[in-house]
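User: I am new to this structure and would like to go through it part by part. Where shall we begin?

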Amino acid sequence: MQNLKLTLEPTLQQARAAAMVASSIARAYYCIATGNTCPPVSRFVQAVELSVGEACTNSIQHRPKKKRGNVLLTFEFDQDSFYIKIRDRNEQLDFDNTPAPDLNRIQERGYGLHIIKTAMDDASYERVDGWNILSLRKSCPMEV
Amino acid sequence: MTITKIITNDIAVITLQGRFDSAAADQFRKAVQHDFLPAHYVIEMEGVNYIDSGGLGCLVSLLRQAQKRSGTVKIARIPSKIFYAFELTRMNRIFDMYDDTGMAVNSFTATN
Amino acid sequence: MKKEYHKYKKLGLIHLSGRLDTVEAGDLKESLPFYLNNSKRLLLDLGQVSYMDSSGLGALLSGLKKAIAKDGDIRLANVRPKVKMTLEITGADRLFKSYPNVAGGLAAWSSEL
Amino acid sequence: MKALFHIQQSDTPELKDFFAETHPWMVKIANKPSLEYLLDFAILSGCTEVRLVMDEPDLALRNYFGGGERWGIKISYASCSENDSLDQLLTKNTRFCDSEPLLILTGLFFIHYHKDHNYQDWQRLSASGMMLHCSTGTLLYGKTGNDLRYLSDMRKEVDFTLSPIRSLRDVYDLTMQVLTFEQEHYVLPGYGPEKNILIGRNVEIGRQVELHPPLIIADDAILLGKTVVGPNAAIGKGAIIDRGTTISNAVVTDHTYLGKGLTLSKKMVNGGRLFSAPDNDWLNLNDDLFVRIIEPQGASYFLRSAINRLAALLLLVFLLPAWILFKIATCFTEKKNHTTTCFKNKGGNLFSYTYDLPVRESVAGRFCRALSLNKVQLLVKVLSGTISLVGNRPVPSSPENLLLIQTFDHYHPGAFGYSEAQQLTPGSLEEETSERFFAANRKIANDIRTLLNILIKNLRTFV
């Protein structure tokens, strides 16, 4: 299983960069996994880009004032799926119990996690000795 | 993200280009804050290639402000590339979407 | 689930009400033999039964077996559509004679005897 | 020419409860989404671009129709607010609407047409544009979107008809109608070995299955032995029909399991929901024995199950002679003969197998384990499809184990258990974790490896 690690300075610019890198890796993966050329508008790529963007933005916005810990990003992939891990040293977050935004009410914040959970096939969170680890999986897009 | 504004009798047409993500959020907020506030906004998004919850958040808060002044926000020329993000967050139900900017602008005058 | 037993000459009538599902089936399965000892011909009024699943059906069928062994029978009266569906897909509707309503059922059946 | 299709969730309250997550446009008539019929009709009418306008986006629909590549046209999507008027609809999609002649279908309905007829010349048909109504929707045609604003209702002689889709009854009736009278009228999925029989890709058809046309069976469906399908049956994608079940004048939707020896007549089943056409009523039959929803597993699952059975068969062929000899040889020795009942799946269903072999300690016992003869009973279960060849160590049924099972995602018992290969002590935490791990990350390659390990390991125990 090949994998690729990135370290992000905790700035929103870096979060953006991460999202863009994610999208291009996702494109490459799409071609390798399906053997097709990736369409310009691909749900798969969009989902990955969005989720990584959201996740990184989240960890950067929620980092404690003093600590300037970096955000670690890992991409892994096999035939079936594309895996992403986002690690940071922020306070523990209550991933599973954060309420989904009421989509019928007009609401300004709190879409981040919702987007991740809905766009990805699996999104799980764990806290391992001081690290928040968010593991995302998007299964390989079907050939058209 | 580049932002251009054209304000004609209390309708602001805001044309966006580039990535509308959390990093661009402040820029957007600043851009829409100025002494004279129009009632209605049309956000022309043809040139936007990425939007995330940060960007969507901006649009919603703009809508909130507009509604306070009994105005509204409409979206024009939204590229299919970023439509997905709107669907994921059901934003497509909050904003009226037009595939033509002119029509979006006219729609205000039509309703008034 | 509620059970109400009445005796009409050679026939026993049981009004059942509630859901005939896994939770209730066991109880019915156990009680049917007792009623059968009292009268080997039982007419079950399912008018108040809103739902029946495989275990509910199982109970009825085990009852039917015992009844037939005593050369009696178990028949059904005013079966609701929802219950009828369960009977239909399992083909049990062919095993149980059923009447549109209780009075008619009692009359028709006792006239056979 | 272009076409714009418009629908609102509020159009179809009745379908919502029964078809739950399915978008009304994805509700299938004879195994084909209702929208696809409209799409085909639009294409026949010479449309090159179609725009789908809906208030509730739907992923399944997106994945199915995509950008229209599969139909050789361009499909674009737009959203609308609840109860947008036709006028608003046209305004919001001006650019799309005002360039070419336009066909608008708004609401949920079915169009009866014939694929061999010609619907190209709307111009001649109605230069001024036209408007057709049915109780659940409207079809409009105009030279430009703008014309449509001023259309008045006018009857035109056309060789297609709209029929409303409002209730479950409508869906059922339409399916029956298409199957019985109109199979030639539309392009329906599947190939036809004979007239009025349509069968999809990798459909498994068991022994002594009767097929009575007209019928249609979608991809990946499984008909187990002695099932009777048709006349007038539609079996959905990945549906499983268990032994001896009869289906006539009935619809079984995608990924629905239908239990053993059932009679499905004049009915429609979706997951655990059962609709009866005569009674025009439906119930939620949450009963694993009768009907339930199958988690879509994709073709790989069916491939795997096939491989499983084949491998099991091979093993049996090898083991049976030894086993029979062994039986004869040891018919007088002391035997441990008892039946074990184990959990079959996360749902808590059970299966049991008898175990009648010399006690582990005896030489004979060790010998038969070395040859894995103790697996023969289980291999039979594999053949019958009850369990898989390689899987979790079967968990014996008991109240506390039930709790374990219910939290055990992907639990699937196998004749050869994962942890067996690693010689982990049964019941230990290591065992449970490895069992859970392998169950979650299941790979055919890994299964084979496990199997070989165990066989070899067993042999080692003797020599």
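Analyst: We begin with a term: a residue is called buried under 20% relative accessible area and exposed over 50%, with partly exposed in between (1.4 Å probe, protein chains only). This is a predicted model, in which local features need pLDDT of at least 70 and side-chain atom pairs pLDDT 80 or more, while totals for chains, interfaces and linings use all residues. Residues are numbered from 1 along each chain as its sequence is written, chains are lettered from A and ligands numbered from 1 in the order written, and side-chain values use heavy atoms, without hydrogens and water.

User: Is D:His114 buried or exposed?

Analyst: D:His114 is placed in the loop between strand 7 (109–112) and helix 6 (122–125) of chain D, where helices (H or I, at least four residues) and strands (E, at least two) are DSSP runs numbered from the N terminus. Because its relative accessibility is 15%, D:His114 counts as buried.

User: Which residues does D:His114 touch, not counting residues up to four places away in sequence?

Analyst: Contact here means heavy atoms within 4.5 Å. With residues up to four places away in sequence set aside, D:His114 touches D:Leu44, D:Tyr119, D:Glu184 and D:His185.

User: Of the 4 pairs of chains in contact, which chains share the most contacts?

Analyst: Some chains do not meet: no contact joins chain A and chain C, whose closest C-alpha atoms lie 33 Å apart, and chain B and chain C do not touch either, with their nearest C-alpha atoms 37 Å apart. Of the 4 pairs of chains in contact, the one that shares the most contacts is that of chains A and B.

User: How much area do chain B and chain A bury between them, and which residues of chain B lose the most area to chain A?

Analyst: Buried area is the accessible area (1.4 Å probe) that two parts lose on being put together, summed over both. Chain B and chain A bury about 2300 Å² between them, of which 57% is on carbon and sulfur atoms. Together accounting for 26% of what the side of chain B buries, the residues that lose the most area to chain A are B:Arg19, B:Tyr84 and B:Leu88.

User: What is A:Gln46 in contact with, leaving aside its neighbours within four places in sequence?

Analyst: A:Gln46 lies in helix 2 of chain A and is buried, with a relative accessible area of 8%. Leaving aside its neighbours within four places in sequence, A:Gln46 is in contact with a residue of its own chain, A:Val41, and with B:Ser80, B:Lys81 and B:Tyr84.

User: Which three residues supply 39% of the area that chain D buries against chain B?

Analyst: Here 16 residues of chain D are in contact with 12 residues of chain B, and the two chains bury about 1400 Å² between them, 45% of it on carbon and sulfur atoms. Of the area that chain D buries against chain B, 39% comes from three residues, more than from any other three, and these are D:Pro57, D:Lys92 and D:Arg95.

User: How many residues apart in sequence are the parts that the pair of A:Phe44 and A:Phe82 ties together?

Analyst: Over all chains the structure holds 29 aromatic pairs, counted where ring centres of Phe, Tyr and Trp (its six-membered ring) lie within 6.5 Å, with planes under 30 degrees apart called stacked, over 60 edge-to-face and the rest tilted. One of them, A:Phe44 with A:Phe82, is edge-to-face, at 6.1 Å centre to centre and 80° between the planes. Because A:Phe44 lies in helix 2 (residues 43–61) and A:Phe82 in strand 3 (residues 81–88) of chain A, the parts tied together are apart in sequence by 38 residues.

User: What is the angle between the planes of A:Phe75 and A:Phe82?

Analyst: A:Phe75 is buried, with a relative accessible area of 0%, and A:Phe82 is buried too, its value being 0%. Their rings form a tilted aromatic pair, 6.1 Å centre to centre, and the angle between the planes is 50°.

User: Within what arc do the buried residues of helix 11 of chain D fall?

Analyst: In helix 11 (residues 376–383) of chain D, the residues D:Val376, D:Leu378, D:Leu379 and D:Val382 are buried. Seen down the helix axis, they line one face of the helix, because they fall within an arc of 155°. That arc is taken over the directions from the helix axis to the C-beta atoms, and its value for helix 11 of chain D is 155°.
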